[in-house]
Amino acid sequence: MIFSAADLANVELWGEITSLLKKRGFLVIKNFLSSEKVKEIKEVMQHSNSSHDFLETILLRNNDEKEIIHKNLFKIIENEKNIKTIDEILQTLKHGAHLTRIDSYKSKKSKKPILEWHNDRAFSGDKIIHNRVQNKLFSYKLFIHITETQKNNGSFSYLPNSNRISTLIRKAFRDGIIKYTPFWKLVDFSDVLKRKEIVDFVDSCFPELKEEIKIFLRVSDNLIINPNSNKYSIPCKQGDAILFDERGLHQGGIPSKSERIILRLFYLNGAGKYKPEPITEYGRNQLNSPVGTFKSPIN
Ligand SMILES: [Fe+2]
């Protein structure tokens, strides 16, 4: 479903926006940021050495503490009405969500995807985890495109409805239906979904998801064989934004023709109410780290 920036101002559409996010996991907002603002951000970012691993962090908010890290970039967007409106819309959700982080990064022209198919809040595929698996600790992310993307050039992709299947997997771990096993990558995610314990769990507790899971597995089997298929890509013009539930499966495509610059905003579910639940000493040390600054040790 595609919305315009003007739609955001229409309070009557807010319910439709939040229900789409809950059901399908994502939506597109055209012309979210004006071309003037896009140009200003691009000018700063073109001189930056950032990448997906070395981001330009702009703002961090931990409860009431706000830390502005990149003053120049923050100044460009600080009064952006649409950014505030998304915050207001997401606060109407059951648990509420508000802005906790803004950053930006540049992906150079390449023959490889910016990031392969994955879902967030899945411990980056770590074999050993330091915090309990949980569903409520996640963000809605807003990717504002500072450069244009095309189907075969750096576009973001999202598998519709995968957010709810991802939630089901976390619930199965949490309820002890199966022991934690990596599920960050699409292939691992889909393997978990095929396990007998999960099939039985769906049969007895979530029969309404059976058909969706069947469709998902058909799609994921194809994507595993052909990961660069652009069937689910969402090409965007400069200034367009994609709002999505990070628990759904998504990928950053191959920036084959030009570099890609994204301005990224995190709206944390529960507005800081939900914290990591440590199960190791390392996890306990994570508790006081501002959102997004913590890196898991390599294992
Ligand atoms: Fe991601």
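This is a predicted model: local features need pLDDT of at least 70, side-chain atom pairs count only at pLDDT 80 or more; totals for chains, interfaces and linings use all residues.
View 1. Strand 7 spans residues 139–145. Of its 7 residues, 6 are buried, so the strand is largely enclosed by the rest of the structure. Burial here means 20 or more other C-beta atoms within 10 Å of a residue's own.

**View 2. The two partners of strand 7 shown here are strand 12 and strand 10.** Strand 12 covers residues 260–269 and pairs with strand 7 in the antiparallel sense over 7 bridges. Histidine 145 faces isoleucine 262 of strand 12. Strand 10, residues 241–245, also runs antiparallel to strand 7, with 5 bridges. Here lysine 141 has phenylalanine 244 of strand 10 as its bridge partner.

**View 3. The largest nonpolar core holds 62 residues.** Leu142, Ile144, Ile146, Ala241, Ile242, Leu243 and Tyr267 touch the most other members. Strand 12 is the top contributor, giving 7 residues to this core.

**View 4. Tyrosine 267 and its contacts.** Leaving aside residues up to four places away in sequence, tyrosine 267 touches Ile86, Asp87, Leu90, Ala97, His98, Leu99, Ser139, Tyr140 and Leu142.

**View 5. An open sheet of 4 strands, in the order 6-11-8-9.** The pairing is antiparallel. Strand 6 (115–118) and strand 9 (233–234) stand at the edges. Each has a single partner strand, so one side of each lacks a neighbour in the sheet.

**View 6. Strand 8 against strand 9.** Strand 8 comprises residues 156–158. Its antiparallel pairing with strand 9 has 2 bridges. Serine 157 sits opposite serine 233 in strand 9. Strands of a sheet pair through backbone hydrogen bonds.

Methods:
Residues are numbered from 1 along each chain as its sequence is written. A residue is buried if 20 or more other C-beta atoms lie within 10 Å of its own, exposed if 12 or fewer, and partly exposed in between; C-beta atoms are placed from the backbone. Two strands pair if DSSP finds at least two bridges between them. A nonpolar core is a set of buried Ala, Val, Leu, Ile, Met, Phe, Trp, Tyr and Cys residues joined through C-beta atoms within 7 Å. Two residues are in contact if their C-beta atoms, placed from the backbone, lie within 7 Å.
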